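Dear colleague,

I am passing on the structure below so that you can go through it alongside my notes.

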Amino acid sequence: MSRPDLDDLDHQLISILAQDARVSNRKIASDLGVNEGTVRGRIKRLQQERLIAFTALTGMKLEKATNIAFIAIQADVGHVRQIARNIADIPLVKAVMITLGPFNIMATCLYDDLDDLHKLASGKVLEVEGVRHVETSLVVRTVKFSNRVVRITDAESGG
């Protein structure tokens, strides 16, 4: 995957949008000393190249469960992608990644109490066909979290 060819204006535009995606093209154009059509065209190109996307981020208060845990999963190597998709279908699971190392799948989940987490990890996840072993880690304090960089994919692509 090659790095995108972005100039200084692209970087400035992305920086402004990262601070406030609702800012008008007119305001951005004024701040950057370019015309509004340039801003509109650049935003369109960045979206088409899947370098930026606009979405509403929700706070944890909107979730029913607000505690975070990571479930490291050892799964049958030949079926990792399908097993990961099956785990992704479990409602409390919010993210699933295929990884290298002693565990080949990592799931991030939200839970209310330890009993819910136990049912999720030792019940639902461990019961998925092809899952051999799970280890759960509880988040006790978040030191740093950035939602500024995310993978932009189509739901169907599984990327």
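In the contact of α1 with α3, the residues Leu 9, Asp 10, Leu 13, Ile 14 and Leu 17 on the α1 side meet Thr 38, Val 39, Arg 42, Ile 43, Arg 45 and Leu 46 on the α3 side. Helix α1 covers residues 8-19 and helix α3 residues 36-48, and their axes come within 11 Å and cross at roughly 85°. Since angles of 65 to 115 degrees count as roughly perpendicular, α1 and α3 are therefore roughly perpendicular to each other. Please bear in mind that this is a predicted model, and that among the elements of the chain α1 has the lowest mean pLDDT, 92, while α4 has the highest, 97.

The contact is made by Asn 25, Arg 26, Ile 28 and Ala 29 of α2 together with Glu 36, Val 39, Arg 40 and Ile 43 of α3; its residues divide into four nonpolar, one polar and three charged. Val 39 and Ile 43 of α3 are listed in the contact with α1 and again in the contact with α2.

Turning to the sheet, there are four strands in the order β2-β3-β1-β4, forming an open sheet with antiparallel pairing. The edge strands are β2 (93-98) and β4 (131-138), each of which pairs on one side only, and neighbouring strands are turned by 20° against each other on average, direction ignored.

Strand β2 pairs with β3 (residues 105-111) in the antiparallel sense over five bridges, and among the bridge partners are Ile 98 with Ile 105 of β3 and Val 96 with Ala 107 of β3. In the hairpin of these two strands, which has six residues between them, Gly 101 takes a positive phi near 120°. Strand β3 is also paired with β1, again in the antiparallel sense, over seven bridges, with Ala 72 having Met 106 of β3 as its bridge partner. Seven bridges likewise join β1 to β4, and these strands run antiparallel; here Ile 73 stands opposite Val 134 in β4.

Which helices, then, pack on this sheet or lie across its strands? Helix α4 (residues 80-88) packs on the sheet and touches β1 (67-75), β2, β3 and β4, with its direction making about 170° with that of β2. Helix α5 (residues 114-125) lies across β1, β2, β3 and β4 and runs at about 160° to β4.

As for confidence, the chain averages a pLDDT of 87, and 85% of the residues score at least 70. Where pLDDT is low, the predicted coordinates should not be read in detail.

With kind regards

Terms used: Residues numbered from 1 in each chain as written. Predicted model: local features only at pLDDT ≥ 70, side-chain atom pairs only at ≥ 80, totals over all residues. Heavy atoms only, no water. Pairing = 2+ DSSP bridges. Axes fitted to C-alpha atoms, helices over the stretch in contact; angles between N-to-C directions. Contact = heavy atoms within 4.5 Å. Parallel < 35°, antiparallel > 145°, perpendicular 65-115°, else oblique. pLDDT = per-residue confidence, 0-100. Nonpolar A, V, L, I, M, F, W, Y, C, P; charged D, E, K, R; others polar.
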